[in-house]
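Keep the sequence and the 3D view at hand.

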Amino acid sequence: YLKDKSDFLIYSIPSPLLCFCSYITKKAKYGIDIRDCTWDYFDKSTLYGKLYSRVLIFILKPFIKNAEFITCTNEYEASSILANFNRKSCVIPNGIEQKKFNLITKNIGSIAIQSIKNNILYCGNIGKAQSLETIISAVSDLKNCNLKIIGQGAEKKYLENYCSKNYIKNVDFYEAIKWKELLKEYSNAKVLYAQITKEYSSAIPSKIFEYIATGRQVVLGLPDGVARSIFSEFSGVYIHKPNDIIDCRKALIAAFDDKPVSRKNNEEILKNYIRESHAE
């Protein structure tokens with residue numbers, strides 16, 4: 001269908017497997033939107049990590065070479081694309097949709113945080129990149145709080161078993177829900193949580209922009225890199241070292257202190273990350 005009907009294609013990858021579509025659509029011109037530099041995620045300190053990275057770069061080279069244009073989400077990714085494929089790319093930052101920004105600020109900002117118990121919320125993918133065992137271990141000793149994890153992913157069953165084996169009673173797992181239903185969950189939370197491990201240091205999850213728009217306290221496990229640089233600008237954001245349980249617990253306790261979040265300041269910064277503006 002693509003081969004016969006399309007004159008121009010845009011491939012949006014983190015999945016490198018999509019590049020093989022270019023071999024069956026040779027007549028169609030295409031552009032590439034790179035959401036993750038997957039080749040950088042392998043552990044380069046190991047022989048297999050180096051090998052997998054080089055093989056992936058080798059496979060992607062002709063695909064990227066023949067693209068009409070390349071876009072990515074941040075300067076780190078742009079520099080990696082230039083270094084590995086000798087192609088310049090246009091940076092279109094990750095962010096939040098205008099509609100979601102308006103709905104979140106309107107529907108959640110009016111609910112007083114002081115009246116909410118120490119509820120922590122994580123929503124999104126439950127995989128190795130998120131390493132949620134960190135926060136689960138951190139809250140296991142904080143008996144005055146509850147952690148709700150909403151979503152699906154490869155690590156969900158493992159984490160459920162981990163909680164069961166270690167008699168962790170203040171962590172609950174729920175199925176993924178529709179976005180509008182998530183507004184209620186945001187409203188009932190005092191702290192919103194996310195983490196990126198060092199292997200994924202170039203990633204900037206759009207979910208965190210949503211978190212900040214709620215006016216809630218936000219605790220993030222972030223390595224040194226572009227995400228840490230961006231999110232440290234916001235009020236009410238507490239950052240800990242990835243996979244560090246003690247540091248995570250300290251960040252959570254600090255977030256529970258009810259220090260007021262400067263919503264006005266955060267909303268002004270968030271305006272720089274409205275997706276529609278960059279799309280134009």
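Phe209, Phe231, Phe234 and Tyr273 form one aromatic cluster. Rings of Phe, Tyr and Trp (its six-membered ring) pair if their centres lie within 6.5 Å; planes under 30 degrees apart count as stacked, over 60 as edge-to-face and the rest as tilted. This is a predicted model, in which local features need pLDDT of at least 70 and side-chain atom pairs count only at pLDDT 80 or more, while totals for chains, interfaces and linings use all residues. Residues are numbered from 1 along each chain as its sequence is written, and side-chain values use heavy atoms, with hydrogens and water left out.

**Aromatic pairs**

The structure holds 13 aromatic pairs.

Phe42 sits in the loop between β2 (29-34) and α2 (47-65), and Tyr52 in helix α2, 10 residues apart. Helices (H or I, at least four residues) and strands (E, at least two) are DSSP runs, numbered from the N terminus. Tyr158 and Tyr162 both belong to helix α6 (residues 156-165), four residues apart, about one turn of the helix.

Phe42 is partly exposed at 27% relative accessibility. Tyr52 is partly exposed at 43%, and Tyr158 at 40%. Buried means under 20% relative accessible area, exposed over 50%, partly exposed in between (1.4 Å probe, protein chains only).

**The sheet**

Six strands make an open sheet in the order β7-β6-β5-β8-β9-β10, with parallel pairing. β7 (171-174) and β10 (237-240) stand at the edges with a single partner strand each, so one side of each has no neighbour in the sheet. The twist averages 20° from one strand to the next. Two strands pair if DSSP finds at least two bridges between them. Strand β6 (residues 146-150) and β7 are joined by four bridges. Leu147 has Val171 in β7 as its bridge partner.

**Leu121**

Leu121 lies in strand β5 (residues 119-123). Is Leu121 buried or exposed? Leu121 is buried, with a relative accessible area of 2%. Among the residues it touches are Lys148, Ile150, Tyr186, Val191 and Tyr211. Contact means heavy atoms within 4.5 Å. The C-alpha atoms of Leu121 and Asn188 are separated by 8.8 Å, although the two are 67 residues apart along the chain.

Notes: Axes are lines fitted to C-alpha atoms, for helices over the stretch in contact, and angles run from 0 to 180 degrees between N-to-C directions. Lists of a residue's contacts leave out its neighbours within four places in sequence.
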